[in-house]
Amino acid sequence: MAEIVIELSDQSMSVLSAVASSACGAEVIFNGYVRAAGELDQLQALLIEHYSPMTENSLHQIATETCERFGCDQLTLRHRVGRVNVGE
């Protein structure tokens, strides 16, 4: 069974490696950013509200399915919540 770590934070998070084992052969990092949709867009930030137990459960389910499908030994999923400004 894969080692799965779920991290939620209302602060900026490091994209530095979360791999704790030299046995891992690859690392995949996806960074999403809040962006304005166009020149006239007045978007300043997103406010990501959530219920922690439900969010963690859903993310853990996604991580588990990913590990089963792709044979991961270790997966760390970090997700930002709260206010996220354009450019973050």
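The questions below take a few labels in turn.

Tutor: Gladly! Keep in mind that this is a predicted model.

Student: Why is R80 called buried?

Tutor: Its relative accessibility is 17%, and buried means under 20%, so R80 counts as buried. You will find R80 in strand β3, which covers residues 74-80.

Student: What makes the pair R80 and E88 a polar contact?

Tutor: Their side chains are joined at 3.4 Å, and the limit for such N or O pairs is within 3.5 Å, so the pair qualifies. The R80 side chain also reaches the backbone oxygen of R83, at 3.3 Å. Not counting residues up to four places away in sequence, R80 touches several others, including D10, M13 and I48.

Student: Which residues make up the largest nonpolar core?

Tutor: There are five: L59, A63, C67, L75 and L77. Both α1 (52-70) and β3 supply at least two residues each, and α1 gives the most, with three. Leaving aside neighbours within four places in sequence, L59 is in contact with L77, and also with I6, L8 and H79.

Student: How do you know that V86 is partly exposed rather than buried or exposed?

Tutor: The relative accessible area of V86 is 35%. Buried needs under 20% and exposed needs over 50%, so V86 falls in between and is partly exposed. V86 sits in the segment after β4 (82-85).

Student: What does V86 make together with L43 and L46?

Tutor: The three make a nonpolar surface patch of about 200 Å². Patch members need over 30% relative accessible area, and V86, at 35%, passes that cut-off.

Technical notes. Residues numbered from 1 in each chain as written. Predicted model: local features only at pLDDT ≥ 70, side-chain atom pairs only at ≥ 80, totals over all residues. Heavy atoms only, no water. Helix = DSSP H or I, 4+ residues; strand = E, 2+ residues; numbered from the N terminus. Buried < 20%, exposed > 50% of the residue type's maximum accessible area, 1.4 Å probe, protein only. Polar contact = N/O pair within 3.5 Å; in protein donor to acceptor, adjacent residues only side chain to side chain. Contact = heavy atoms within 4.5 Å. Core = buried A, V, L, I, M, F, W, Y, C linked by side-chain atoms within 4.5 Å. Patch = residues over 30% accessible without salt bridge, like charges linked within 9 Å, V, L, I, M, F, W, Y side chains within 5 Å. Areas by Shrake-Rupley, 256 points an atom, 1.4 Å probe, with all protein chains shown as cover. Salt bridge = Lys/Arg side-chain N within 4 Å of Asp/Glu carboxyl O.
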